[in-house]
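Hi,

Here is the structure I promised to pass on. Have a look at it first, then read my notes below.

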Amino acid sequence: MEFDATSADRLKMREIPPVLGELLREIPTVGNLDCPKVAERFFPSPTSDQTEETLREDWKAFVEPGLHEAFFDARQVVEADLRGMAEEGGFFTLTIPRSHVMAWIHALNQARLALVTHHELTMDESASWPPEVIATQDDWLRLQMGFYERILGWLVELVEPPPSAE
Amino acid sequence: MRAATEIEELEKTEEEVGLDRPWNVVVHNDPVNLMSYVTMVFRRVFGHSLQKAEDHMWEVHRNGRSIVWTGGRERAEFYVQQLHGHLLLATLEAA
């Protein structure tokens, strides 16, 4: 698979194998907020101070709906880009407009956090990439986590280049 | 012009929510978020230099938490909201 950031207005991922194409398609839907643990992780309390009940109530009423919408919007942008993923010779090419990079970063981060939280993965489990053989659901999850981490790391570096690249 | 009792009530309410004292914005460790991602978020939300953003990131990583900003209550709430928008675990607490 090849990452191409040479264009001024778009990024390309080329030679994407079908299995990784499938993992890309799961990015917008993997953040299942119906899972209470995931919802709790996505919408944490703004304070641990027991006397701040009003803040917690206001947060739920006024802040969380906005966060919900922002998380959803990022996933929608990614979903739309994924609909344009093109297949050629058994491999896929994905084009990401540079203006969508932050949405991709947010959606990938959501996906990683949701996977770890929902499946209660330890960091050892989620960081051991790539599994040599995909034989179990856990192997699939590790592949998914590792793949998302690769793309996320690449995109973050594009947004905030390390000093040597600046 | 407000009645004296109304002003007293307002002052009492402001005192209760601590609008006149400093508040810390604290970021807590989450082993899932990438270090480069956390650094990027600090730079985007607070406008930190790379060095300062990385210092806070390492403090979160090593100590489990870092006070990333201190100041007025309203602004502190705004920053916590921004950090939650990036899915960082952040809280505000009285300084």
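Predicted model: local features only at pLDDT ≥ 70, side-chain atom pairs only at ≥ 80, totals over all residues.

Residues are numbered from 1 along each chain as its sequence is written, while chains are lettered from A and ligands numbered from 1 in the order in which they are written.

Let's begin with chain A. Its C-alpha trace spans about 60 × 40 × 35 Å along the principal axes. You'll find six helices and four strands in chain A (DSSP runs numbered from the N terminus: H or I of at least four residues for helices, E of at least two for strands). Along the sequence they come in the pattern β-β-α-α-α-β-β-α-α-α. Chain A has 166 residues, and 28% of them count as buried (20 or more other C-beta atoms within 10 Å of a residue's own, with C-beta atoms placed from the backbone).

Now zoom in on α1 of chain A, residues 18-30. This helix has 13 residues and reaches 18 Å from its first C-alpha to its last, close to the 18 Å expected at 1.5 Å a residue (the expected span is 1.5 Å times one less than the number of residues). Its buried residues are L20(A), L23(A), L24(A), I27(A), P28(A) and V30(A). Among the elements of chain A covering them are β2 (10-16), α3 (53-83) and α6 (137-159).

How do α1(A) and α3(A) cross? Their axes (lines fitted to C-alpha atoms over the stretch in contact, with angles from 0 to 180 degrees between N-to-C directions) come within 9 Å and cross at roughly 155 degrees. So α1(A) is roughly antiparallel to α3(A) (angles over 145 degrees count as that). L24(A), R25(A), I27(A) and P28(A) of α1(A) make the contact with R75(A), V78(A), E79(A) and L82(A) of α3(A) (contact: C-beta atoms, placed from the backbone, within 7 Å).

Finally, the two chains: 19 residues of chain B are in contact with 23 residues of chain A. On the chain B side, α2 (35-46), α4 (73-85) and β3 (89-94) each supply at least two residues, and α2(B) gives the most, with five residues.

Cheers

Key. Buried ≥ 20, exposed ≤ 12 C-beta atoms within 10 Å, placed from the backbone. Parallel < 35°, antiparallel > 145°, perpendicular 65-115°, else oblique.
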